[in-house]
Amino acid sequence: MSRHPYPLGDLPSPSPKLNPAIIRRDFPILERRVHGKPLVYLDNGATSQKPRAVIDAIRHFYENGCANIHRGVHLLSGEATQAYDRARTGICRAMGAAHAEEFVFVRGTTEAINLVARSWGDLHVHAGDEILLTEMEHHANIVPWQFLAKRAGAKIRVLPITPDGALDLERLPALLTEKTRILAFTHVSNVLGTVNPAAEICKAARDRGIVTLVDGAQAVPHGPVNLSEIGCDFYVFSGHKMFGPDGIGVLYGRGKLLASLPPWQGGGDMVERVSFEESTFRPPPDRFEAGTPNISGAIGLGAAFAYHDQLNWPELREHEHNLVTATHEALLSIPGLRIQGTVPGKAPVVSFTMEGIHPHDIGTILDSEGVAIRAGNHCAQPLLARLGIQSSARASFACYNTLEEVETLANAVRKAHRYFA
Ligand code: PMP
């Protein structure tokens, strides 16, 4: 008999939680010690930890209902199909959209952008056209467009940033020309933490008939994102950064636009009729989900949304804001330390460099203190070049992090400074 009283993909909704100490109890890994010290996990921008609700949903699927979807007449296949579809519906509802068919399950942000650059891009971008990106993009929102630009003979143009790390929106109107086919930009920078005014930017593009894609990889982990408020054509994100499993993410595409696009991969489950001469295709989302999808991943992501949804985000956002403020204050008191990205209201991402210490050395010393951060180019080489650096250290927070952990981080950074100064 199932140890879980709820059906696959349908999780109970506990009462709202605010206190990070209570939230932490939901994440088994946060009990871990590393190098004999309590784990201080500050690499959430790379991937978040997973609550028990997500781990249980995936285990529940494999222990009780593992089957392929859409194909079987047997009970298990029907249940798995229902759970998969229910995950899609839950995500649609949580993101303020009306139609679940607008949500395509993909491998993650990277695959979603590649899908759009292939399917939409090959149809709409031609020689002489322009693709507008920004200076703060992750490689995932640069390289697929370069492939497209090469195929089509199009040109990539770039909206610059201001010295404090905001998009230079005064320059936007001049860059949105009659040649611009798409504006693809990040909602939240994974290096600077800057939260871009997505609705305002999308409106500027929409007013000129230009399609928009918003990279939400670093936005969805920090509270609900409402797609009807943003008004974009495409919105993409990965599950693993918002408490969900890896290998699963979402491409949202505005209904009519998505339905007008050709498939980008062929195979089972996306077709209506197949002969050796030709095939016809099912409507979205099936058209874009060729082959057996990541069923347990989608169910896990549905559970992550259910978990995320019951958190008290207005207060947690304030908590995350306090974590950033405390981190800035503590780190800026260390001689020779510079923070990249100081725009007010930033997301809880703090990138920094220290004079005379390589970011990898900072990362290694912090690791010996149990503090996990990221060091490197953060897959944003053009942005780092613009900032005049090759790499940086980055502490990125989730709502389960605490002010005590900020203190541990600061003490470890001070230790690194003493060691190298
Ligand atoms: N965009 C941004 C802003 C990111 O931070 C990341 C992940 N670091 C990606 C895209 C790529 O996400 P994934 O590797 O999950 O496809």
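Modeller: Let's start with Phe243, which sits in the loop between strand 9 (234-238) and strand 10 (249-253). Keep in mind that we're looking at a predicted model.

Biologist: Okay. What is phi of Phe243, and is the value positive or negative?

Modeller: The general idea: most residues other than glycine have a negative phi, and most peptide bonds are trans. Here, phi of Phe243 is positive, near 80 degrees, although the residue isn't a glycine.

Biologist: Helix 10, then. At what angle do helix 2 and helix 10 pack?

Modeller: In general, two packed helices are described by the angle between their axes and the distance between the axes. For helix 2 (residues 52-64) and helix 10 (residues 295-309), the angle is about 145 degrees and the axes are 8 Å apart. Their crossing is right-handed. On the helix 2 side, the contact includes Ala53, Ala57 and Phe61, while helix 10 brings, among others, Gly300, Ala303 and Tyr307. By class, that contact has eleven nonpolar residues, two polar and no charged.

Biologist: How do helix 3 and helix 10 cross, left-handed or right-handed?

Modeller: Left-handed, in the case of helix 3 passing helix 10. The axes of helix 3 (residues 75-94) and helix 10 cross at roughly 35 degrees and come within 8 Å. The contact between helix 3 and helix 10 divides into ten nonpolar, one polar and one charged.

Biologist: Why does the largest cavity lie between domain 1 and domain 2?

Modeller: Because domain 1 (40-44 + 313-420) and domain 2 (75-309) both give residues to the lining of the largest cavity.

Biologist: Which element gives the most to the lining of the second largest cavity?

Modeller: Helix 10 again, with three residues. The second largest cavity holds about 60 Å³ of space, and Met95, Val220, Phe305, His308 and Asp309 are among the residues that line it. Its lining counts seven nonpolar, two polar and one charged.

Biologist: Last one: how many residues line the largest pocket, and which lie nearest its centre?

Modeller: There are 21 lining residues in the largest pocket, and Val188, Val195, Ala219, His222 and Arg317 lie nearest its centre. Helix 8 (227-230) and helix 11 (313-332) are the elements that give two or more residues to this lining, and helix 11 gives the most, with three. The space in the largest pocket is about 370 Å³. Its lining divides into ten nonpolar, seven polar and four charged residues, and draws at least three residues from each of domain 1 and domain 2.

Conventions. Residues numbered from 1 in each chain as written. Predicted model: local features only at pLDDT ≥ 70, side-chain atom pairs only at ≥ 80, totals over all residues. Heavy atoms only, no water. 1 Å grid on protein atoms, 1.4 Å probe; cavity = no way out; pocket = protein on both sides within 12 Å on 5 of 7 lines; lining within 4 Å. Points joined across faces, edges and corners; volume = space filled by probe spheres on them. Helix = DSSP H or I, 4+ residues; strand = E, 2+ residues; numbered from the N terminus. Nonpolar A, V, L, I, M, F, W, Y, C, P; charged D, E, K, R; others polar. Domains from an automatic or database assignment. Axes fitted to C-alpha atoms, helices over the stretch in contact; angles between N-to-C directions. Left-handed = near helix turned anticlockwise from the far one by under 90°. Contact = heavy atoms within 4.5 Å.
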